[in-house]
Amino acid sequence: MGLSRNQLYAMALQDYLQAHKQDQITQQLDAVYGDESSSLDPLFVQLQAHTLSEEN
């Protein structure tokens, strides 16, 4: 490969951190929003349906 041991370790660490970055973000979002409902407010659903029916 033509890399020094330090370069190889640095590349491996960078790849590892990049691969697991998404996992950390997902865990943090789950912790923040875990108790929150993901359903839409009924008023917004009604307004959206009304707007879509006007477009057609």
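**M1 and the rest of the chain**

Guide: This is a predicted model. M1 is exposed, since its relative accessible area is 85% and the cut-off for exposed is over 50%.

Visitor: Where is the place of M1?
Guide: M1 lies in the segment before α1, and α1 covers 5-33.

Visitor: Which residues make the nonpolar surface patch?
Guide: M1, L3, L8 and M11 make that patch, and its area is about 430 Å².

Visitor: Switching to α1. How far apart are its end C-alpha atoms, and what should its residues span?
Guide: The end C-alpha atoms of α1 are 42 Å apart. The helix has 29 residues, so at 1.5 Å a residue it should span 42 Å, which agrees.

Visitor: And where does α1 bend?
Guide: At H20, by about 35°.

Visitor: How many helices and strands in the secondary structure?
Guide: The chain has two helices and zero strands.

Visitor: What about the radius of gyration of the chain?
Guide: The chain has 23 Å, whereas a compact globule of 56 residues would be near 10 Å.

Visitor: What box do the C-alpha atoms fill?
Guide: Along the principal axes, the box is roughly 65 × 30 × 10 Å.

Visitor: What share of the residues count as buried?
Guide: 0% of the 56 residues. Buried would need under 20% relative accessible area.

Visitor: Last one. How much accessible surface, and what part belongs to carbon and sulfur atoms?
Guide: The accessible surface of the chain is about 5600 Å², with 54% of it belonging to carbon and sulfur atoms.

Note on methods
Residues numbered from 1 in each chain as written. Predicted model: local features only at pLDDT ≥ 70, side-chain atom pairs only at ≥ 80, totals over all residues. Heavy atoms only, no water. Patch = residues over 30% accessible without salt bridge, like charges linked within 9 Å, V, L, I, M, F, W, Y side chains within 5 Å. Areas by Shrake-Rupley, 256 points an atom, 1.4 Å probe, with all protein chains shown as cover. Salt bridge = Lys/Arg side-chain N within 4 Å of Asp/Glu carboxyl O. Helix = DSSP H or I, 4+ residues; strand = E, 2+ residues; numbered from the N terminus. Buried < 20%, exposed > 50% of the residue type's maximum accessible area, 1.4 Å probe, protein only. Expected span 1.5 Å × (residues − 1). Bend = angle between axes of the 7 residues up to and from the residue. Rg over C-alpha atoms; globule rule 2.2 N^0.38 Å.
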